[in-house]
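Please read the points alongside the sequence and the model.

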Amino acid sequence: ARATAPDPEAAVSPLGFEALAVEEAVGIDVSEAHGRLTRLVATVRSRLSGGAGAHQALATIADAVHTVCPQLVNEAAGGLYSGALASGTCDCDILTVTYLTVGDALGLPLAAVFLPDHVLVVWDDGRDRIYWETTAAEVRPAWALEALVPEGAEGTYLQRQSRTQMMGYFYQVRANYRFAQGDEAGAFEDYATAERLNPTFVLTFNNRGRVHLLRGDADAALADYSRALALDPTYADALYGRATALLML
């Protein structure tokens, strides 16, 4: 059974199913996505039933996920997990969550790693640490990822995201959806939950800053964009947003 009002810090289902529950709680139909995700997990479980090494497991997950998400775009279904799975149109965020869902269900040592404007997974079982590019289904060397981290933002990126932090990601996605639906109060509640669960996620503050600008609240926008830039001083969207807020002021 799926929860309709999940506690973000007491999730018990594999990660993607918790994401669907978060969306379902605000009236989004997740039934098709739930069915696809269930079948995907079952497929990977059957293919890995005899056990596998890290590279084989990652390749097996990649092959199965491709059947659920055959199309790659920059932004899928407004970020909604259910919409992306239902349409088969996925971005790096959706792919990573799907990998983590399989990992949760099968007990695999997978976690998310965020970079500026990108996200991938890392396999770390204490022996092997493999950074896996979900969109290309290939290994990325750690030095190549480190080169993408801006100076001054080392503490923000390349950290393995906990389950609680990933739930924060889902709540900021739902906040964006609720604001687009005209539910401003609900959106700000979700942004607050996202901030509490993951206080180092740049997009939460950047997106809330954009909402403040749309509402004409330049002071609040300036505060959120400044929070985003404290985490990543080179984040272009936040620099532009802060400049816009300053002009408004």
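1. E133 stands opposite E138 in β6. Strand β6 (residues 138–140) runs antiparallel to β5, and 3 bridges join the two; strands are DSSP runs of E with at least two residues, helices are runs of H or I with at least four, and both are numbered from the N terminus. Two strands count as paired if DSSP finds at least two bridges between them. The model is predicted, with local features needing pLDDT of at least 70 and side-chain atom pairs pLDDT 80 or more, while totals for chains, interfaces and linings use all residues. Residues are numbered from 1 along each chain as its sequence is written, and side-chain values use heavy atoms, leaving out hydrogens and water.

2. The hairpin formed by β5 and β6 has 4 residues between the strands. In its turn, A137 has a positive phi of about 55 degrees.

3. Strand β5 (residues 129–133) also pairs with β4 (residues 118–124): the two run antiparallel and are joined by 4 bridges. Here V121 stands opposite W132 in β5. β4 and β5 likewise form a hairpin with 4 residues between them, and G126 in that turn has a positive phi of about 90 degrees.

4. Is β5 mostly covered or mostly exposed? The strand is mostly covered, as 4 of its 5 residues are buried (under 20% relative accessible area with a 1.4 Å probe, protein chains only; exposed is over 50%, partly exposed in between).

5. The largest pocket holds about 620 Å³ of space. A pocket is an open set of points on a 1 Å grid over the protein atoms alone, with protein on both sides within 12 Å along at least five of seven lines; a cavity is a set where a 1.4 Å probe fits but cannot get out, and lining residues have an atom within 4 Å of a point. Grid points are joined across faces, edges and corners, and a volume is the space filled by probe spheres set on them.

6. Of the 28 residues that line the largest pocket, E75, D93, D117, L203 and Y235 lie nearest its centre. α5 (92–106), β3 (110–115), α7 (163–180) and α9 (202–214) each supply at least two lining residues.

7. The whole structure has 1 cavity of 30 Å³ or more, and the largest cavity contains about 60 Å³ of space. Its lining includes A19, Y81, F170 and R174. α7 gives the most to this lining, with 4 residues.
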